[in-house]
Amino acid sequence: MKCDIIEMEGVVLESLPNAMFKVKLDNRFQVLEYISGKIRKNQIKSRN
């Protein structure tokens, strides 16, 4: 099944347990995001 992709930029407001993050998007919406499986598997860390 092919899915449409929407890309947006935002700022991480808070790091939550289980590789989840609260993110404020450029359009001022706040969303809850998670890290994809490959990034989690390779333990890629974000910069502070």
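1. Let's start with the pairing of two strands: β2, covering residues 20-25, runs alongside β3 in the antiparallel sense, and five bridges link the two. One spot to look for is methionine 20, which faces tyrosine 34 across in β3. Keep in mind as you look around that this is a predicted model.

2. Now put that pair into the sheet. Three strands line up in the order β1-β2-β3, the pairing is antiparallel, and the sheet is open. At the edges sit β1 (10-16) and β3 (30-34), each of which pairs on one side only. From one strand to the next, the twist averages 30°. If sheets are new to you, their strands pair through backbone hydrogen bonds, and this can be parallel or antiparallel.

3. What else is there besides the sheet? The protein has one helix along with its three strands.

4. How much of the protein is buried? Of the 48 residues, buried ones make up 6%, with buried here meaning under 20% relative accessible area. As for the surface, the protein exposes about 5,100 Å², and 52% of that comes from carbon and sulfur atoms.

5. One last thing to check is how far apart in sequence the contacting residues are. Taking the contacts with a separation of 6 or more, residues 24 or more positions apart account for 0% of them.

Note on methods
Residues numbered from 1 in each chain as written. Predicted model: local features only at pLDDT ≥ 70, side-chain atom pairs only at ≥ 80, totals over all residues. Heavy atoms only, no water. Helix = DSSP H or I, 4+ residues; strand = E, 2+ residues; numbered from the N terminus. Buried < 20%, exposed > 50% of the residue type's maximum accessible area, 1.4 Å probe, protein only. Contact = heavy atoms within 4.5 Å. Areas by Shrake-Rupley, 256 points an atom, 1.4 Å probe, with all protein chains shown as cover. Pairing = 2+ DSSP bridges. Axes fitted to C-alpha atoms, helices over the stretch in contact; angles between N-to-C directions.
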